[in-house]
Amino acid sequence: MSLSVHEQLLELKSFALAVISAAGNSADVALLTPCTELDEHEKRAPKAALKGWRMAVNDCIEMSSHWSTARTMAMDAALRSAGIVTLSEVRRRYSSRLAKILEHGRIRGEVDYYLASAMVADTASNLSAQERASLQALVTEFEQSAA
């Protein structure tokens, strides 16, 4: 069952505002200014605003790509308790990087490692058992090669 435009707007908007607000540094919080403009735009053109919120979500994915697994898990817990889709789930949905990791069967660096390890750690994400097992093997292999 797919979400309506209004439901998608609410989900993406709630996620983006929560992550940006929780980021804590002024460069990331500066992303809130365009979000205010999107807020006004969604009343007049919801489909166009949806595209803008998707861009904001991609900014959140990029902004958080260097976060440690612990920080990602803490953010996921905070979002989950607020009834908002988790960062790990959004990364899974919107990040082409995760698809590339799974497709190539290789973690190519720290950014890939943090994404993969956070996805494995998030037991509430919608990864299939096969995807989770593949990512776990890749994470373990990366950790062993880095040691």
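The model is predicted, and local features need pLDDT of at least 70, side-chain atom pairs count only at pLDDT 80 or more, and totals for chains, interfaces and linings use all residues. Residues are numbered from 1 along each chain as its sequence is written, and side-chain values use heavy atoms, with hydrogens and water left out.

The buried residues of α9 are L135, L138 and V139. Viewed down the axis of α9, these residues fall within an arc of 105 degrees and therefore line one face of the helix, the arc being that of the directions from the helix axis to the C-beta atoms. On the other side of α9, residues A129, Q130, E141 and Q144 are exposed.

Two aromatic pairs are found in a search of the whole structure. Rings of Phe, Tyr and Trp (its six-membered ring) pair if their centres lie within 6.5 Å; planes under 30 degrees apart count as stacked, over 60 as edge-to-face and the rest as tilted. The ring centres of Y113 and Y114 are 5.6 Å apart with planes at 55 degrees, so this pair is tilted. Y113 and F142 form a stacked pair, at 5.2 Å centre to centre and 25 degrees between the planes. This second pair links distant parts of the chain, with Y113 in helix α8 and F142 in helix α9, 29 residues apart. Y113, Y114 and F142 form one aromatic cluster.

Conventions: Buried means under 20% relative accessible area, exposed over 50%, partly exposed in between (1.4 Å probe, protein chains only). Helices (H or I, at least four residues) and strands (E, at least two) are DSSP runs, numbered from the N terminus.
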